[in-house]
Amino acid sequence: MKTQAKAILVDITRCIGCHSCERACKQVHNLPEESEPVLSGTALTVVQESQGRFVRRLCMHCQDPACASACPVGALQKTSLGPVIYAADRCIGCRYCMLACPFQVPRYEWDHLAPYVKKCNMCAERIARGETPVCVEACPVGATQFGDRAEILAEARRRIDENSTYVPRIYGAEEVGGTSVFFLSDVPFEKLGFVTPPSEQPMPILTSTALSDIPTVVVAGTALLAALYWITQRRQEVALAEAQESQPLARSQELVSGWQKKGVKS
């Protein structure tokens with residue numbers, strides 16, 4: 001039986017700003033319970049107020065995630081069920097994922113001695129067990145729904161077709177090649193602070209050229225540094241040799257000068 005990819009639908013018109021999703025996320029991930037205004041190492045999803053609406057922020061779980069393509073050690077991976085998961089034991093702290101993410105989601109534990117990258121994992125463990133993400137389960141008004149990705153997209157389209165107050169756009173359906181988290185709104189997404197990625201293409205396609213140049217840059221840089229090192233070392237060797245050669249001559253001159261002084265005195 002083929003695995004069905006899952007997705008989350010957040011309907012901004014239904015959110016009442018109760019922050020139940022935030023609290024549930026913090027509890028299941030053993031994070032401090034204090035409410036936070038923005039995504040952080042201790043807040044994997046937040047609810048922000050904008051234009052009189054309550055807007056959730058969380059990882060979009062891209063179909064072809066730029067964070068995973070940018071990671072040189074495979075610490076981030078897209079699963080067949082939809083979540084983009086993070087393996088802390090592989091992470092080397094390069095933070096390329098933070099630079100690559102078009103939605104500016106991953107956060108770094110700057111205040112930790114052994115820091116890791118933090119982001120929503122879509123409750124991947126729960127999904128693997130056939131359960132619902134805890135944020136969806138905690139929502140008391142059904143503003144967040146979960147299910148098979150194709151069915152969630154169909155539900156979003158149905159709502160738009162049946163209610164003209166919605167903006168005729170499913171945010172996440174096409175952005176950067178599609179995501180596993182979708183948003184509906186009756187206010188233009190740009191006014192709510194949603195980013196507009198530079199293309200509907202998956203970000204790895206756009207970044208592959210730059211990433212493919214890394215080996216060339218590394219080789220050229222290494223060669224340049226090696227040349228500078230050789231020149232510096234060569235100069236030091238020449239200076240040392242000249243100093244060593246001048247020492248016997250200086251010693252001879254000192255002896256001659258000493259003998260001459262003795263001869264004058266005698």
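This report covers the nonpolar cores and aromatic contacts of a predicted model.

**Cores.** The largest nonpolar core has 36 residues. Those with the most contacts inside it are Ile8, Ile12, Phe103, Tyr171, Phe183, Phe189 and Phe194. Strand 1 (6-11), helix 1 (20-28), strand 2 (46-50), helix 5 (134-138) and strand 9 (181-184) each give two or more residues to this core. A second, separate core has 10 residues, including Ala7, Leu153, Ile170 and Leu184. In soluble globular proteins, nonpolar side chains tend to be buried together.

Leaving aside residues up to four places away in sequence, Ile8 touches several residues, among them Met122, Pro133, Phe146, Ile152 and Val181.

**Aromatic pairs.** The count is seven aromatic pairs. Two are tabulated here.

| Pair | Centre to centre | Angle between planes | Class |
|---|---|---|---|
| Tyr171 and Phe189 | 5.3 Å | 35° | tilted |
| Phe183 and Phe194 | 5.0 Å | 70° | edge-to-face |

Tyr171 lies in the loop between helix 6 (149-162) and strand 9, and Phe189 in the loop between strand 9 and helix 7 (203-212). The two are 18 residues apart. Tyr171 is buried at 1% relative accessible area, and Phe189 is buried at 1%.

Phe183 sits in strand 9, while Phe194 is in the loop between strand 9 and helix 7, 11 residues apart. Phe183 is buried, with a relative accessible area of 1%. Phe194 has 8%, so this residue also counts as buried, the cut-off being under 20%.

Ring pairs join Phe103, Tyr171, Phe183, Phe189 and Phe194 into a cluster.

**Charges over rings.** The charged end of Arg57 sits over the ring of Phe194, 4.8 Å from its centre. Arg95 lies over the face of Tyr108, at 4.8 Å from the ring centre.

Methods: Residues are numbered from 1 along each chain as its sequence is written. This is a predicted model: local features need pLDDT of at least 70, side-chain atom pairs count only at pLDDT 80 or more; totals for chains, interfaces and linings use all residues. Side-chain values use heavy atoms; hydrogens and water are left out. A nonpolar core is a set of buried Ala, Val, Leu, Ile, Met, Phe, Trp, Tyr and Cys residues joined through side-chain atoms within 4.5 Å. Buried means under 20% relative accessible area, exposed over 50%, partly exposed in between (1.4 Å probe, protein chains only). Helices (H or I, at least four residues) and strands (E, at least two) are DSSP runs, numbered from the N terminus. Contact means heavy atoms within 4.5 Å. Rings of Phe, Tyr and Trp (its six-membered ring) pair if their centres lie within 6.5 Å; planes under 30 degrees apart count as stacked, over 60 as edge-to-face and the rest as tilted. A charge sits over a ring if NZ of Lys or CZ of Arg is within 6 Å of the ring centre and within 35 degrees of the ring normal.
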